[in-house]
Amino acid sequence: MSGGERKVKRPRAQGWEEAGGEFYQESYPGCEADLDSMHQNPSNIATLLPSKQNRTATYSKKYDTKGTLRRRTASRSQCHNTIRRPSMAPVSQAATDLGALLPDLSENLSNEERTWEEIMQIKAMPVSMAQKKEHKAKLQSQTKLRLQGIEQLKWQRRKMWQQLKKSWSETLAKMDIWRLSMKEVEGDFGTGVVAYFLFIKWLMLLNLGICLLMVVFIVLPALLLKPAEQPQECNLSSNVSGSGSIECCSAKYANSSSEAENIVIQIVQGRGIVEHTQAFYGIYPNVVLDLNSSAGLYYDMPLAYISVALTFMLISLAAIVKSAAKGFKERLVEGEGQFYQYCNIIFSSWDFCINNEKSANIKHKAIYYEIKSSLESERIEEERITRSKEERFKLFSVRILVNVAVIVLITGALYLIYAVFDFSARTQNEDFIAKNELLRLLFEFLPSLCVVGLNLIIPIVLGMMVSLERYSPVLVIRMTLMRTVLLRLSSLGVVLLSFYRLFKCDPCKSEGPDENCKAPACWETHVGQQFYKLMLVDFLSHIAVTFIVNLPRGQLAKYSRNSVITYLCEQQFDLPKHVLDVVYIQTLCWLGSFFAPVLPLLAFVIFFFMFYIKKFACLVNSKPSTIPYRASRSNSLFMAVLLLSFVVMILPLGYTIAEWQPSRSCGPFRGQTTVWSVIVRTFLSSPLWLQHIVFFFSTAGFAVPAFVTLVLCLYYFYAVSAANKHMVIVLKNQLVLEGRDKQFLLHRLSTIIKQQQEHHKAMRAAAQSVQMNSTDISSST
């Protein structure tokens, strides 16, 4: 540099590569030589823009054959300051072409800018909103005046389709249930808790779809259609196997009835008249039904039953994956916006459609809680970073002890469930219990009461333990959910293991009835009844805890002036616990729907009332939790827990369908070796060309090319993702450069204005001096 000036090294945080920055403190002093050249050729200013210079320098660095970045400095003696400029050395043709592909955000988009200015003028007009919309529609409809023929038709069709989608979305928004309730919860507890209530609504609609599927394809055909062939009757004299035949076992089960005469007890237990309806597995026939015999149309009930079960499982999995992917995208977007999250909350979160004071107060609370959650997350993260080694060692030791205690606690709870099931199965048939109807009802519900009671008590203890580990709010939620999920899924595993021990024998064998076997005649219906009772007991426990236990506690904490009572009775809305409540009910529904088609309908009703129960618990009994919950994280976490429960549920259900022998007394699969054998039988009766195609899919000739193609597709999408990430970085850098361009141009403009003012001042001074000289000359003459 000339004049012995040294180049000042700027901090890294102020460089152009800081794409996350939004404000720039760079200065671009002007100089007379550049201004003179700009006056002579105004287009030269484009070459002085920082975006143009940095783009050239970047590609010079990338395509330099020597691998070094060449920098030059230019000295201008006329300038009062030094400008740092990269080299303008010529680059290769490839660099120039790639540089031209970058988006140039400084281009003049006159049509778009003019349209935007007109829209802004319409917004500023002092007229009603209806007139503003009318003016805006006229402005946007001017495009068709420049279109003719097919192009105008396409434009009109596209416009009509957009209006149709907009009107449909508005109609759906008006029909949306619980919209006002969601806003009320959001105002007091934030978006994370609202995501929980949206999750309940999502599960309710999912069960409604499953219920409609079962009613249309299973329940209605079983009610309306008759068997294509008259089923055989039990004939002990002509049957070789005697009373152990399928017909005799089915007749014996159909004629069995519960001893209870109270219809309410039969409905609660799922026995008696309820057991012999389409609500449970055992009543469905194992024959082909006559749909239209004259046209040769028949309805295969066993195939329809297993097909519907597989279909609603696939629908549930697809819905979970889709919602989880959507939540993951929202979480990524939220992660990208952490740099300016407070700007978004303060300047972009207000809803200008609010037209009453109550809604405004609710929105104020929601914004306040969102800011509070963000600040709390940053505080805990800063505390985690500043821990010393001694503190980390103590914390690590505490966490090890807590995890050991959690394992011991869950193991003891599972053993208690197993012992209660075994005790209930052994003592249920005792004479003194069978004679007392109320006592027999209690012993029947004893396993369900044990499971539900442990699911209510153990999570409270786990919540106390996790507070000792001093995790961040996100990890607190995850650890609590993981341990509670382990408890609840393990308890269901113990229940299924108890069923396995109970159903080891078959009371109706082909050789004849087994008098020593205490297993029920239709074990599928018995399993469905147990899940039915579990769902009922769990739902009733939520009602009792919310209105009998937590409501008095909440009122005491609200109105009591005693600090001890307030501390003991005060409740927070523990989101992980409430999430596990609804996930547990949905898992029970999935597990038991194959054995009791009434469970999706029961789950739909439970989730409908559960929304109001949880809303009451949220708004009346609880105060906002100290742990901040975000909507995107909460939604993705809900779906992750639900997906885990779904995967764990599929394992025992898949084993039952593929390996376990169905009952000989009931159900659409009586007489089959396994449930899956119906699918195999149907496949073997299909056309040969279809069998050859399916067999080809299982050969190496299809598997190897499919694997290679899958790997290539994965690599392609990985490359596209990497390119998109690189383009995001480039676009961020380009946005930074555009900001520098604006400051550069503003500084140049201010310099030109100053020079023009000085020039005008000098001209006025010269004119005044000339006038004074002429006056002096005239006066002297």
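Two residues are in contact here when heavy atoms of each lie within 4.5 Å. In this predicted model, Phe 197 touches Met 182, Val 185, Phe 573, Phe 611, Lys 614, Lys 615 and Cys 618, leaving aside residues up to four places away in sequence. The chain has 781 residues, of which 36% count as buried, and its secondary structure consists of 25 helices and five strands.

**Chain as a whole**

- Among contacts in the chain with a separation of 6 or more, 76% are between residues 24 or more positions apart.
- The chain exposes about 47,300 Å², and carbon and sulfur atoms supply 63% of that area.

**Nonpolar cores**

- In soluble globular proteins, nonpolar side chains tend to be buried together.
- The largest nonpolar core in this model holds 110 residues, and those touching the most other members are Tyr 196, Phe 197, Phe 312, Met 535, Val 582, Trp 590 and Phe 594.
- Helix α8 (residues 191-224) gives this core its largest share, 16 residues.
- Both domain 1 (150-186) and domain 2 (190-230 + 244-509 + 517-670) contribute to this core, with at least three residues from each.

**Nonpolar surface patch**

- Trp 689, Leu 690, Ile 693, Val 694, Phe 696, Phe 697 and Phe 702 make a nonpolar surface patch of about 650 Å².
- Helix α24 (residues 688-697) supplies the largest share of the patch, six residues.
- Phe 696 is one of the patch residues, and its place is in helix α24.
- Is Phe 696 buried, partly exposed or exposed? The relative accessible area of Phe 696 is 42%, so this residue is partly exposed.
- The cut-offs behind that assignment are under 20% for buried and over 50% for exposed, with partly exposed in between.

**Backbone at Trp 178**

- Where does Trp 178 lie? Trp 178 is in the loop between α6 (150-175) and α7 (179-189).
- Trp 178 has a positive phi of about 65°, although this residue is not a glycine.
- Trp 178 counts as buried because its relative accessible area is 8%, and the cut-off for buried is under 20%.

How values were computed: Residues are numbered from 1 along each chain as its sequence is written. This is a predicted model: local features need pLDDT of at least 70, side-chain atom pairs count only at pLDDT 80 or more; totals for chains, interfaces and linings use all residues. Side-chain values use heavy atoms; hydrogens and water are left out. A nonpolar core is a set of buried Ala, Val, Leu, Ile, Met, Phe, Trp, Tyr and Cys residues joined through side-chain atoms within 4.5 Å. Buried means under 20% relative accessible area, exposed over 50%, partly exposed in between (1.4 Å probe, protein chains only). Helices (H or I, at least four residues) and strands (E, at least two) are DSSP runs, numbered from the N terminus. Domain bounds come from an automatic or database domain assignment. Patches are made of residues with over 30% relative accessible area and no salt bridge: like charges are joined within 9 Å, nonpolar side chains (Val, Leu, Ile, Met, Phe, Trp, Tyr) within 5 Å. Accessible areas come from the Shrake-Rupley method with a 1.4 Å probe; for residues, only the protein chains shown count as cover. A salt bridge is a side-chain nitrogen of Lys or Arg within 4 Å of a carboxyl oxygen of Asp or Glu.
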